[in-house]
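Please look over the structure shown below before reading on.

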Amino acid sequence: MFRPHRFLCSSLRQCLVHTFGTNASTSRNGESLRHNMGDSVTWDNIYTSKSSSGFSHFDWFCGYEDLKSFLLSLIHEMAPEKYTGPPLHVLDVGCGTSDVGLGLFQDSHIPLLITCIDRSTPAVLSMQNSLIKGDPAAPKHHESRLEYVEGDVTDLYDIPSGSVSLVLDKGTTDALLRSGREAAGLLLQEALRVLQAGGKLVQLTDEDPDARLPFLEGVGAGPTVTFHDLGDKKGIAYYAYIVTRSS
Ligand SMILES: C[S@@+](CC[C@H](N)C(=O)[O-])C[C@H]1O[C@@H](n2cnc3c(N)ncnc32)[C@H](O)[C@@H]1O
């Protein structure tokens with residue numbers, strides 16, 4: 001059974017920790033966020049306020065270090081030993097100002113083209129600026145590239161069908177579900193369209209399997225969804241749901 005309430009409360013707890021603190025005005029902010037996390041203005045405000053206070057990265061939950069070994073092993077599964085082909089295309093949909101794209105760029109022995117997409121202008125500008133003005137980020141593989149692009153992840157019209165190896169969705173479907181299932185379903189359909197055969201969509205979330213699996217199957221992910229328990233962080237369990245594009 002779909003249980004958005006449980007997901008919302010736990011995600012909101014994380015957000016309160018990272019964004020608003022715990023005082024009285026915080027509760028009002030948290031309540032407002034609870035109702036508005038599907039709205040673009042909400043995210044613009046969060047990223048504007050974070051960037052004006054000089055942050056470099058803000059992850060909604062679990063940053064790159066928490067996910068590093070899981071994500072790198074997924075990428076290694078997709079490329080044979082001593083891979084010499086073109087960079088694998090990785091999309092981080094709804095990247096915000098997460099450090100996941102940058103971490104993969106710096107650590108992957110396999111060449112990657114990492115495209116991080118978000119519709120929030122302040123988030124994308126902040127990440128583009130950090131690449132231009134911050135310490136130069138060196139890729140592990142000399143052919144790897146990292147880019148931050150403004151766009152709507154429910155309509156990835158610039159990205160050819162069958163061209164992507166891995167789509168990462170960390171918290172974005174969670175946010176889209178706040179406005180109903182339609183946009184979250186569109187994101188899933190677009191991910192399946194751009195993925196090549198055997199490519200994977202990975203949704204990282206704190207939503208329980210008894211809620212997320214029926215949702216994924218209901219919006220067309222097919223019966224091949226697997227999930228992995230990523231363990232607890234601050235008392236909250238996180239999961240990775242993996243949808244593999246059939247041939
Ligand atoms: C819960 S946050 C997760 C951000 C980041 N992945 C992280 O883990 O910190 C959801 C993100 O999705 C973005 N987003 C929501 N709807 C979107 C859409 N239709 N197109 C692109 N980005 C979207 C928001 O701007 C926000 O940055």
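**A buried residue in a loop**

With 22 C-beta neighbours inside 10 Å, Cys62 counts as buried, because the cut-off for a buried residue is 20 or more other C-beta atoms within that distance. Keep in mind throughout that this is a predicted model.

**Two residues with positive phi**

- Most residues other than glycine have a negative phi.
- Cys62, although it is not a glycine, has a positive phi of about 40 degrees, and this residue sits in the loop that runs between α3 (40–52) and α4 (64–78).
- Lys234 is likewise a residue other than glycine with a positive phi, in this case near 50 degrees, and its place is the loop between β6 (226–233) and β7 (236–244).
- Is Lys234 buried or exposed? Lys234 is exposed, because 9 other C-beta atoms lie within 10 Å of its own, and a residue counts as exposed if that number is 12 or fewer.

**The pair α4 and α5**

- The axes of α4 and helix α5 (residues 100–107) come within 10 Å of each other, and they cross at roughly 50 degrees.
- The crossing of α4 and α5 is a right-handed one.
- On the α4 side, the residues that take part in the contact are Tyr64, Leu67, Lys68, Leu71 and Leu72, and they meet Val100, Gly103, Leu104 and Asp107 on the α5 side.
- Sorted by class, the contact of α4 with α5 is made up of 6 nonpolar, 1 polar and 2 charged residues.

**The shell around the ligand**

- Which residues come nearest to the ligand? Of the 20 residues around the ligand, these are Trp43, Trp60, Gly94, Gly96 and Gly171.
- Helix α7 (residues 172–176) supplies the largest share of the shell around the ligand, namely 4 residues.
- By class, the shell around the ligand contains 7 nonpolar, 7 polar and 6 charged residues.

**The protein as a whole**

- The protein contains 9 helices and 7 strands.
- Of the 247 residues in the protein, 36% are buried.

Conventions: Residues numbered from 1 in each chain as written. Predicted model: local features only at pLDDT ≥ 70, side-chain atom pairs only at ≥ 80, totals over all residues. Near = placed C-beta within 6 Å. Nonpolar A, V, L, I, M, F, W, Y, C, P; charged D, E, K, R; others polar. Axes fitted to C-alpha atoms, helices over the stretch in contact; angles between N-to-C directions. Left-handed = near helix turned anticlockwise from the far one by under 90°. Contact = placed C-beta atoms within 7 Å.
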